[in-house]
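Here is my note on the model, arranged as numbered points. Please read each one with the structure open beside you.

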Amino acid sequence: MKKIDVVLGLQWGDEGKGKVVDVLTPDYKVIARFQGGPNAGHSLVFDGEGFVLHTVPSGIFREDSVNVIGNGVVIDPVILMDEIRAIEQKAGDITDKLQIAKRAHLILPTHRMLDAASEAAKGKSKIGSTLKGIGPTYMDKTGRNGLRIGDLLSPEFMNRYNALKNKHIGLLSQYDFQYDITDYEKQWLQAVEELRRFRFIESEIVVNGYLDDDVPVLAEGAQGSMLDIDFGTYPFVTSSNTMTAGVCTGLGVAPCRVGKVMGIFKAYCTRVGSGPFPTELFDDTGESLRQIGHEFGATTGRPRRCGWLDLVALKYAVMMNGVTELIMMKSDVLNSFKTIKVATAYEIGGQRVDYFPFESGEEVKPVYQEFRGWDCDITGVRRYEDFPQAFKDYVAFIEKETGCPIRIISVGPDRSEIVLR
Ligand code: GDP
Ligand code: IMO
Ligand code: MG
């Protein structure tokens, strides 16, 4: 009997989950997304080409892989079908490679409008949502109003769709917000029909069945731990559990069946959207990180906020995810920095704090430890021994502080630019 392995982000998203899942897929047969939806943008680079996935698991381009969209995911049929068409242009028909949970919730056109209306009404205190309808859809899920993929099979589907849509229209009338869903709704209803060629499954039965049969399964997280609905920088978070616990609820796998938990972090930090970010840099160094790291959102194109690695937040994420091994991404982005800083504690109101506190706003000041940069190009390195000593010192320090081994180091966006230890 196999256990399910997990890959997830430990920071504020965009750590490089797509690349890592693509790299690891040859060791797995099944890749399953367990939460989030089209707010995610997971980039893959191979054969000199880049590809961004939003709802489809990042194993899709590997031969013989089975890709499952689990019950914890929320699905916009228009975005999913656009994505499928783009994948099929490159990889051919994927009907047999993609399965969708009947219990996954549908993002309606009016959910998107509610997201936009709510953000507009918040003004300066907006979350910075990707405006894909994520929050309103999860609200309908917990409010027990939602529509699910399996409901598409019911003759009552259109009645239920119209009832929920009308409820949303009532809610929207309370906002000063103009909208027109006519075109999008047409595309949505067409996309729903097109989705029917895929297998709608009881993903909990299927995934547990694979594990029973000793088939290796990898769970792919979206967003990151600091965007988790419970433990992230609330309310500036997404609306799902982005941590290992989410694998259990988002795929129907028991906690005792979770195996390796591979936690991904960037060698520095980024965040897109509003909310606390203690190590954010507003100076030239922050701008250099953004330019060298091409830190612009894969889903929205927004510039990402950049800053030094935050070990306080990283240790918090390692603890709650039960991370068994770490994966460090975008190490090459720090190539030209003479000095590299890492936050090892915070100062709040003159007090030193070494854990991630409830208060995470402007009152939190990072306490930094400085490192000498390696100041050379490590993009071509493929064996750990070949890294410069200053780089190895950086790695050793993070391992000591987190108590976790760094097993994979990424030195460039391409599939091949990776060092396995
Ligand atoms: P995800 O949401 O966690 O999958 O991450 P994104 O795809 O949103 O953002 C990661 C970005 O960094 C993408 O543009 C990747 O192509 C790129 N990337 C991934 N790993 C590396 C790396 O090691 N070095 C560099 N320079 N870029 C990387
Ligand atoms: P991946 O999977 C980075 C952020 C948004 C916003 C907040 C809430 O590519 O790492 P939502 O649309 O969920 O209501 O937005 O969460 N956010 C992400 N930031 N990467 C993501 O996904 C994100 N998904 C949502 O910017 O601040
Ligand atoms: Mg992303």
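1. Of the 21 residues around ligand 2, those that come nearest are Asp14, Lys17, His42, Thr130 and Thr238, where a residue is near a molecule if one of its heavy atoms lies within 4 Å of it. By class, this shell holds 8 nonpolar, 10 polar and 3 charged residues; Ala, Val, Leu, Ile, Met, Phe, Trp, Tyr, Cys and Pro count as nonpolar, Asp, Glu, Lys and Arg as charged, and the others, Gly among them, as polar.

2. Please keep in mind that this is a predicted model, in which local features need pLDDT of at least 70 and side-chain atom pairs count only at pLDDT 80 or more, while totals for chains, interfaces and linings use all residues. Residues are numbered from 1 along each chain as its sequence is written, chains are lettered from A and ligands numbered from 1 in the order in which they are written, and side-chain values use heavy atoms, with hydrogens and water left out.

3. Which polar contacts does ligand 2 make through its oxygen atoms? A polar side-chain atom of threonine 130 lies 2.5 Å from one oxygen atom of ligand 2, a polar backbone atom of glutamine 223 is 2.8 Å from an oxygen atom of the ligand, and a polar side-chain atom of arginine 302 lies 2.9 Å from an oxygen atom of ligand 2; a polar contact here is a pair of N or O atoms within 3.5 Å. Taken alone, ligand 2 exposes 550 Å², of which the protein buries 97%, the areas coming from the Shrake-Rupley method with a 1.4 Å probe.

4. Aspartate 14 lies in the loop between strand E1 (4-9) and helix H1 (17-24), and glycine 41 in the loop between strand E2 (30-33) and strand E3 (42-46), so the pair ties together parts that are 27 residues apart in sequence. Helices (H or I, at least four residues) and strands (E, at least two) are DSSP runs, numbered from the N terminus.

5. An N or O atom in the side chain of serine 410 is 2.5 Å from an oxygen atom of ligand 1, and a polar side-chain atom of arginine 304 lies 3.2 Å from one. Taken alone, ligand 1 exposes 590 Å², and the protein buries 91% of that. Among the 20 residues around ligand 1, Gly16, Lys17, Ser43, Asp332 and Ser410 come nearest.

6. Strand E3 runs antiparallel to strand E4 (residues 49-53), joined to it by 5 bridges, and strands count as paired if DSSP finds at least two bridges between them. Serine 43 stands opposite valine 52 in E4. The two strands form a hairpin with 2 residues between them, and aspartate 47 in the turn has a positive phi of about 50°.

Technical notes: A polar contact is a pair of N or O atoms within 3.5 Å; within protein, one must be able to donate a hydrogen and the other to accept it, and residues adjacent in sequence count only if both atoms are side-chain atoms.
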